[in-house]
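Let's walk through a protein model together, one question at a time. Have the picture open while you read.

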Amino acid sequence: MMMCGEVTQRVPSYRGMMRPRLAQRRQYWWWHSIALLCLGTLVLRIGDVAAAKTPCPLVESVDISNGVENADGSIELDGVRYGSNQYFRDANSTVRGCVCLVRQCLHICCPMGSPEGEPCPPVALNVNFSMTPDGTVHDVRNLLDSPNYHLLYFNPECSGSLLTLHGKDYIVRSDGLLAYGASTYDYRHYCLQAQAGEPTALAGYCEMVDVLAMHRMYSIGIILSLPFLVATFVVYALLPEMQNIPGKSLMCYVACLTVGYLLLALLRFSVYSYRSGWCVATGYLVYAALLASFFWLNVMAFDIFWTFGGSRGRSSERRKFLYYSLYGWGAPLAIVALVALLDNTEFVHESMRPQIGAEQCFVSTEMLIGFLYMYLPMLLLVSANVTFFAVTAYRIFRMEQATASALSGESRRHTKYEKDRNRYSLYLRLFIIMGVTWTVEFVTWLVREPSWLIYLVDICNCLTGIFIFVLFVWKQKVKQLLLKRFGFSQASASRNDQHTNSTISRTRTTDLKANAETRLTDVTHGN
């Protein structure tokens, strides 16, 4: 007899015990079948690979079906002998010889616009050629004069990018390797291209690491910053209250940065062909835009310096901004005109010319040329800005020490002083962002060594638009002016006025009622 509350264990049935075993067996056979299928596929693939194995790629072979087969199994055609392990039959049973196993192959990069896959034989292929492995002894040779070379008219397959070298920068060794500094590249990782007007051929080599990846990331960062620059310009253009001399100067500065950064991003994306007209024109535009941004930042530094100066002449706002515009736009345009004149005439030696569009779509990478035409004007303007801000800070300090009581007593004068000091603070922060960034840029260019500072400069440049937007637009005053500009503040003010009028009317009605009750009480009590 089973006691109340006692729990009995259920005995599993035979079918219940066999169900897990059957499931395990099915799972076993399932994975066993998959393993056999994969093994069979692997065996077939190995057989296909073994059957398709050739001594060279198809693109590095030539048709030798018309050659003479010797007793030892070799085939000879046009004076070139292919051993039995140096030729194969393709899918059409055509006998193809591995020419790169018997001759030194060279890739020829055809010019832009050449039909793809068709030969573009050069008239001459002059290179700096060396018979020694270290390249210490070399001379200029035309490789077309030697029968030891076979030309392949297609670009090498690169996992990275194909970068350009001038003839003076590389040496072709007798073993077919291209030497560039301490690096060497075999024929499958470089190509040659004869260039009109060049004594030696250009070389394009495969960079194993995608060095342009950081350039593309930098371009994307700059493009993401552009909307903030455009928004800053549009906001100041919409608000007449912001279009005083500081506001107009900021608009000019932002416009220069927008154009310069946009074109610089396009250059980093390599959208222009080498030495094309667009490449040269964009180089001059970027150069002009960056110079103009430096000069307009200098204008803003001088304007705040002039504002806190002592005695200064009286001039209208319009005339003063006209002078600033002549300097901010005229000086960079004059420098660009001078650079274009020197670059396209014989006034200076070729080694001292800016060479915009020659090596890259900008000023030459030579240190002396880069310093003369780019970094020297930048350093002079940055030094002038440092002087202006330092003198202005000293004047503010002296003014606060000497006239603190007077400023507190005169509200209008005190308000103007506070506005000017706040403007100085904004300009100083802007100069710190831009001035320090370009100074670090100059230091990294001077050191010429890869450094984390380069990435810091790139990050600062990418965030420039956001910094400027936060400093000059993301403010309560600008927000209120925008609301007023589009009529939102007026509706809000009218609603506030209606609320105030209704409150006053209710208060007056309550007062009248109270007065009436008081008079009635007085009459009732006989007062």
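**Patches and strands**

Arg-429 is partly exposed, with a relative accessible area of 40%. Here "buried" means under 20% relative accessible area, "exposed" over 50%, and "partly exposed" in between, using a 1.4 Å probe and protein chains only. This is a predicted model, where local features need pLDDT of at least 70, side-chain atom pairs count only at pLDDT 80 or more, and totals for chains, interfaces and linings use all residues. Residues are numbered from 1 along each chain as its sequence is written, and side-chain values use heavy atoms, leaving out hydrogens and water.

Q: Which helix is the place of Arg-429?
A: Helices are DSSP runs of H or I with at least four residues, strands are runs of E with at least two, and both are numbered from the N terminus. For Arg-429, the run covers residues 411–447, and that is helix α8.

Q: Which residues gather with Arg-429 in a patch of positive charge on the surface?
A: A patch takes residues with over 30% relative accessible area and no salt bridge, joining like charges within 9 Å and nonpolar side chains (Val, Leu, Ile, Met, Phe, Trp, Tyr) within 5 Å. A salt bridge is a side-chain nitrogen of Lys or Arg within 4 Å of a carboxyl oxygen of Asp or Glu. Gathered with Arg-429 in this positive patch are Lys-419, Lys-475 and Lys-477.

Q: How much accessible area does the nonpolar patch with Ile-220 have together?
A: Ile-220 lies in helix α2, residues 213–238, and is partly exposed at a relative accessible area of 46%. Its patch also holds Ile-223, Leu-224, Phe-269 and Val-271 on the surface, and together they have about 440 Å².

Q: How many residues of strand β7 are buried?
A: On one side sit Gln-104, Leu-106 and Ile-108, with Cys-105 and His-107 on the other, and both faces are covered. For strand β7 (residues 104–108), the buried count is 5 of 5.

Methods: Accessible areas come from the Shrake-Rupley method with a 1.4 Å probe; for residues, only the protein chains shown count as cover. Lys and Arg count as positive and Asp and Glu as negative; His and the chain ends are not counted. The place of a charge is taken as NZ of Lys, CZ of Arg, CG of Asp or CD of Glu.
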